[in-house]
Amino acid sequence: MDYNVVFHLEDDNPERLNIALNMSSNLLKNIKTAKIAMVSTHNAPKLFLKKNLTEDVCERIKLLASKNAKFFVCHNALEGLGIHESELIAECEVIPAGIVKLIELQNNGFAYIKP
(Lines give C-alpha, C1' and ligand atoms only; values in the text may rest on other atoms or scores of the structure.)
Protein backbone atom coordinates (compact mmCIF):
# COMPACT_ATOMS: atom_id res chain seq x y z
CA MET A 1 0.00 0.00 0.00
CA ASP A 2 1.19 3.51 -0.84
CA TYR A 3 1.02 6.23 1.78
CA ASN A 4 0.99 9.35 -0.33
CA VAL A 5 -0.62 12.56 0.85
CA VAL A 6 -1.32 16.03 -0.46
CA PHE A 7 -1.94 18.80 2.04
CA HIS A 8 -4.01 21.66 0.65
CA LEU A 9 -3.24 25.01 2.26
CA GLU A 10 -5.58 27.89 1.36
CA ASP A 11 -5.21 30.56 4.01
CA ASP A 12 -2.17 32.29 5.44
CA ASN A 13 -2.69 30.93 8.94
CA PRO A 14 0.70 29.77 10.32
CA GLU A 15 -1.07 27.27 12.58
CA ARG A 16 -2.41 25.41 9.51
CA LEU A 17 1.13 25.19 8.14
CA ASN A 18 2.37 23.96 11.51
CA ILE A 19 -0.30 21.23 11.54
CA ALA A 20 0.67 20.13 8.03
CA LEU A 21 4.38 20.07 8.95
CA ASN A 22 3.65 18.07 12.12
CA MET A 23 1.49 15.58 10.27
CA SER A 24 4.14 15.22 7.55
CA SER A 25 6.89 14.58 10.09
CA ASN A 26 4.76 12.04 11.94
CA LEU A 27 3.89 10.24 8.72
CA LEU A 28 7.54 9.97 7.70
CA LYS A 29 8.50 8.66 11.16
CA ASN A 30 6.05 5.81 10.67
CA ILE A 31 6.18 5.27 6.91
CA LYS A 32 9.64 6.08 5.54
CA THR A 33 8.51 5.63 1.92
CA ALA A 34 5.55 8.00 2.14
CA LYS A 35 5.35 10.75 -0.46
CA ILE A 36 4.25 14.17 0.71
CA ALA A 37 3.10 17.19 -1.26
CA MET A 38 1.81 20.54 -0.05
CA VAL A 39 -0.16 22.68 -2.47
CA SER A 40 -0.62 26.34 -1.57
CA THR A 41 -3.46 28.28 -3.16
CA HIS A 42 -5.41 31.48 -2.48
CA ASN A 43 -3.65 33.30 0.42
CA ALA A 44 -1.42 30.41 1.56
CA PRO A 45 1.60 31.38 -0.59
CA LYS A 46 2.19 34.13 2.01
CA LEU A 47 3.20 31.33 4.39
CA PHE A 48 6.26 30.60 2.26
CA LEU A 49 7.61 34.13 1.92
CA LYS A 50 11.20 34.41 3.11
CA LYS A 51 10.30 37.48 5.16
CA ASN A 52 7.42 35.72 6.97
CA LEU A 53 9.12 32.50 8.11
CA THR A 54 10.93 31.87 11.34
CA GLU A 55 14.23 30.02 11.26
CA ASP A 56 12.60 27.05 13.01
CA VAL A 57 9.88 26.70 10.37
CA CYS A 58 12.44 27.09 7.57
CA GLU A 59 14.52 24.27 9.07
CA ARG A 60 11.46 22.01 9.34
CA ILE A 61 10.59 22.65 5.69
CA LYS A 62 14.20 22.02 4.60
CA LEU A 63 14.26 18.75 6.52
CA LEU A 64 11.03 17.56 4.91
CA ALA A 65 12.26 18.65 1.47
CA SER A 66 15.43 16.60 2.04
CA LYS A 67 13.11 13.61 2.48
CA ASN A 68 11.49 14.37 -0.88
CA ALA A 69 8.46 16.32 0.36
CA LYS A 70 7.33 18.78 -2.31
CA PHE A 71 6.05 22.29 -1.71
CA PHE A 72 3.97 23.57 -4.61
CA VAL A 73 2.79 27.18 -4.87
CA CYS A 74 0.08 28.28 -7.30
CA HIS A 75 1.26 30.88 -9.82
CA ASN A 76 -2.28 32.22 -10.15
CA ALA A 77 -2.37 32.88 -6.40
CA LEU A 78 1.04 34.59 -6.49
CA GLU A 79 -0.14 36.81 -9.31
CA GLY A 80 -3.35 37.69 -7.48
CA LEU A 81 -1.39 38.54 -4.33
CA GLY A 82 1.24 40.56 -6.19
CA ILE A 83 4.04 38.27 -5.02
CA HIS A 84 7.08 37.47 -7.16
CA GLU A 85 8.35 33.91 -6.93
CA SER A 86 11.80 35.19 -5.90
CA GLU A 87 10.21 36.18 -2.57
CA LEU A 88 9.52 32.51 -1.76
CA ILE A 89 11.87 30.15 0.05
CA ALA A 90 13.97 27.96 -2.24
CA GLU A 91 12.06 24.76 -1.40
CA CYS A 92 8.94 26.01 -3.19
CA GLU A 93 8.12 25.03 -6.74
CA VAL A 94 5.80 27.42 -8.54
CA ILE A 95 3.16 25.62 -10.60
CA PRO A 96 0.72 27.16 -13.11
CA ALA A 97 -2.49 26.27 -11.23
CA GLY A 98 -2.95 24.74 -7.78
CA ILE A 99 -6.28 23.18 -8.67
CA VAL A 100 -4.68 21.25 -11.53
CA LYS A 101 -1.90 19.95 -9.26
CA LEU A 102 -4.46 18.87 -6.63
CA ILE A 103 -6.39 16.90 -9.25
CA GLU A 104 -3.22 15.34 -10.69
CA LEU A 105 -1.98 14.22 -7.28
CA GLN A 106 -5.35 12.77 -6.28
CA ASN A 107 -5.60 10.96 -9.61
CA ASN A 108 -2.19 9.48 -8.81
CA GLY A 109 -3.33 8.06 -5.48
CA PHE A 110 -2.47 10.92 -3.10
CA ALA A 111 -4.90 11.25 -0.20
CA TYR A 112 -6.28 14.79 0.16
CA ILE A 113 -5.85 16.38 3.59
CA LYS A 114 -7.02 19.86 4.55
CA PRO A 115 -5.31 20.81 7.83
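β1 and β5 pair in the parallel sense, over 3 bridges. This is a predicted model, in which local features need pLDDT of at least 70, side-chain atom pairs count only at pLDDT 80 or more, and totals for chains, interfaces and linings use all residues. Residues are numbered from 1 along each chain as its sequence is written, and side-chain values use heavy atoms, with hydrogens and water left out.

Start with the sheet. Strands here are DSSP runs of E with at least two residues, helices are runs of H or I with at least four residues, and both are numbered from the N terminus. Two strands count as paired if DSSP finds at least two bridges between them. The sheet is open and has 5 strands, in the order β4-β3-β2-β1-β5, with parallel pairing. β4 (92-95) and β5 stand at the edges with a single partner strand each, so one side of each has no neighbour in the sheet. On average, neighbouring strands are turned by 25 degrees against each other, direction ignored.

α4 lies across β1, β2, β3, β4 and β5 and runs at about 160 degrees to β2. Axes for such angles are lines fitted to C-alpha atoms, for helices over the stretch in contact, and the angles run from 0 to 180 degrees between N-to-C directions.

Next, the interior. A nonpolar core is a set of buried Ala, Val, Leu, Ile, Met, Phe, Trp, Tyr and Cys residues joined through side-chain atoms within 4.5 Å. Buried means under 20% relative accessible area, exposed means over 50%, and partly exposed lies in between (1.4 Å probe, protein chains only). The largest nonpolar core has 27 residues. L9, L17, L21, M38, F48, I61 and F71 have the most contacts inside it. β1, α1, β2, α2 and β3 (70-74) each supply at least two residues of this core. Apart from it lies another core, of 8 residues, including A37, F72, I95 and L105.

L9 shows the packing. Leaving out residues up to four places away in sequence, L9 touches R16, L17, A20, M38, V39, S40, T41, A44, L47, F48 and P115. Contact here means heavy atoms within 4.5 Å.

What about charged pairs? A salt bridge is a side-chain nitrogen of Lys or Arg within 4 Å of a carboxyl oxygen of Asp or Glu. The count comes to 3 salt bridges. E10 pairs with K114, with the closest N and O atoms 2.3 Å apart. This pair links distant parts of the chain, 104 residues apart: E10 is in the loop between β1 (4-9) and α1 (14-30), and K114 is in the segment after β5 (111-113). E10 is partly exposed at 27% relative accessibility, and K114 is partly exposed at 43%.

D12 forms a salt bridge with K46, at 3.8 Å between the closest N and O atoms. Here too distant parts are linked, 34 residues apart: D12 is in the loop between β1 and α1, K46 in the loop between β2 (35-40) and α2 (55-66).

K101 and E104 form a salt bridge at 3.6 Å. They sit 3 residues apart in helix α4 (residues 98-107), so about one helical turn separates them. K101 is buried at 18%, whereas E104 is partly exposed at 37%.

Finally, the cysteines. A disulfide needs two cysteine sulfur atoms within 2.5 Å. The count is 0 disulfides. The sulfur of C74 is 12 Å from the closest cysteine sulfur, in C92, too far for a bond.
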